[in-house]
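I opened this entry to keep track of what I looked up, one topic at a time. The sequence and the structure come next.

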Amino acid sequence: MTLLALGINHRTATVEVREQVAFTPTQLEAALGELRGLPEVREAAVLSTCNRTELYCIIDASGEQAILHWLGRFHDLQVEDLSRCAYHYLDSDAARHLMRVAVGLDSMVLGEPQILGQLKDAYQSAREARGLGGELERLFQHTFAVAKQVRTETGIGRNPVSVAYAAVSLASRIFDDFSRSRALLIGAGETIELVARHLHEAGVHQLTVANRTRERADRLAGSLGGRAITLDEIPTALEQSDIVISSTAAPLPILGKGMVERALKKRRHRPIFMVDIAVPRDIEPEVGELGDVFLYTVDDLQEVIEENRRHRQVAADQAESLIEHGVGAWQHERRIRSGGELIRDYRTRAEALRDLSEQQALAGLARGEDPEAVVRRLAHQLTNRLLHRPTVALRQAASAERHDLLDAATALLLDGSSDKTP
């Protein structure tokens, strides 16, 4: 049996293609049932996110093409178009790929932690759909253990590389105690939402969210115990704000030099830390000329991002090493299991031959035959039956000059020596 990982991701396919190949939650159960029902597939799990769709399967030798054709049929795509952006990995390469995915080494943002949770969801869905057998079950559990080790022993997730985190990281260099700081966030999009969550986690609990429509600001502020205001209320809120971070799609600046000067007078010139993430800018550049303002733009954040990225790359190199060790351990356990299955099959066959010879011997004794003759015949028959198949295989190997098989047989059957004694 072969382990297969087959899929597409943000590196191999456009977002339009990824959208077509993605599985919705309502599709997933049916998809797992169909995939598991293919004659070539023994076990199956599906990972589907905005950046990747991957199938992990235990298959027969011819299973890869069958799965690719099934994926095309399920999503009504030409298999030729799918093949151009799909990748596949087998056995140890597939296990390595899964582990790299789990720790965020294959993600758009290096080391991002969300993918591990998505992978655990995929595992749970496969379990509920009865898509997992022993092989995939053990692989996923092993992968989760490796991911935990990587997160514990490296800094892969300790230095976020998003613009939102970089803004908060800069703020932490200005303020010693975030718990006393008040933050004004302008906008209510994804970036501001991330900023709000990073600030909240860092200890800033006095959050004000300003947005053109109060409803969107309410949703974000309410989830973090903050308050929502409209853009018209910014001048008053600015007077109470130590941190201001803005990210809107406004075509013109929202904060001008005059507005900030008036707020500073009300604040008795207590400093304000400002980050303008927007392009075009939300804060007039002249604001940075004011003595009590620390103003940074999105370009200034790149230094923080690059520094964190360098830290993550060091951690990524360490993670690769841990993953290689994890793949080696998985391969070792798999080989042991494979040997155990072979031993069980061989013993089962030998025991069947033993039982047959025993039954014939007992039948002979029941008929009154000479016990000594029965025992001799039993020993002769059992020896011939046990040695028949190995003997035929050895003759075929010798005829074909398969010295590798002959050497292996010598090591297995004769303990590597020519000693004829038991």
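What is the strand order of the open sheet of 4 strands? I read the order as 2-3-1-4, with antiparallel pairing. I note here that the model is a predicted one.

**Entry: sheet edges and twist**

I looked up which strands stand at the edges, and they are strand 2 (41-48) and strand 4 (87-90). Each has a single partner strand, so one side of each is left without a neighbour in the sheet. For the twist I noted an average of 15° from one strand to the next.

**Entry: strand 2 and strand 3**

I then followed strand 2 to its partner. Strand 2 and strand 3 (residues 52-59) run antiparallel and are joined by 7 bridges. The two strands form a hairpin, with 3 residues between them.

How many of the 8 residues of strand 2 are buried? I found 6 buried, so I wrote the strand down as mostly covered, buried being under 20% relative accessible area.

**Entry: helices across the sheet**

Which strands does helix 7 lie across? I listed strand 1, strand 2 and strand 3, and helix 7 runs at about 35° to strand 2. Helix 3 (residues 63-74) lies across strand 1 (2-9), strand 2, strand 3 and strand 4. Its direction is at about 140° to strand 3.

**Entry: helix 5 against helix 7**

Two packed helices are described by the angle between their axes and the distance between the axes. For helix 5 (residues 92-102) and helix 7 (residues 134-153), I noted that the axes come within 9 Å and cross at roughly 45°. The two helices are therefore oblique to each other. The crossing of helix 5 past helix 7 is right-handed. On the helix 5 side, the contact is made by Ala95, Leu98, Met99 and Ala102. On the helix 7 side, I listed Leu139, Phe140, His142, Thr143, Val146 and Ala147. Sorted by class, this contact has 8 nonpolar and 2 polar residues, with no charged ones.

**Entry: helix 6 against helix 7**

Helix 6 contributes Leu116, Leu119, Lys120, Tyr123 and Arg127 to the contact. From helix 7 come Glu137, Phe140, Gln141, Thr143, Phe144 and Ala147. By class I noted 6 nonpolar, 2 polar and 3 charged residues.

Where is Asp91 placed? I located Asp91 in the loop between strand 4 and helix 5. Asp91 is not a glycine, yet its phi is positive, at about 50°. With a relative accessible area of 26%, Asp91 is partly exposed.

Arg130 also went on the list, with a positive phi near 60° in a residue other than glycine. Arg130 sits in the loop between helix 6 and helix 7.

Last, I looked at a cis peptide bond, which joins Val279 and Pro280 with omega about 0°. Pro280 lies in the loop between strand 9 (272-276) and strand 10 (293-297).

Key
Residues numbered from 1 in each chain as written. Predicted model: local features only at pLDDT ≥ 70, side-chain atom pairs only at ≥ 80, totals over all residues. Heavy atoms only, no water. Axes fitted to C-alpha atoms, helices over the stretch in contact; angles between N-to-C directions. Parallel < 35°, antiparallel > 145°, perpendicular 65-115°, else oblique. Left-handed = near helix turned anticlockwise from the far one by under 90°. Contact = heavy atoms within 4.5 Å. Nonpolar A, V, L, I, M, F, W, Y, C, P; charged D, E, K, R; others polar. Pairing = 2+ DSSP bridges. Buried < 20%, exposed > 50% of the residue type's maximum accessible area, 1.4 Å probe, protein only.
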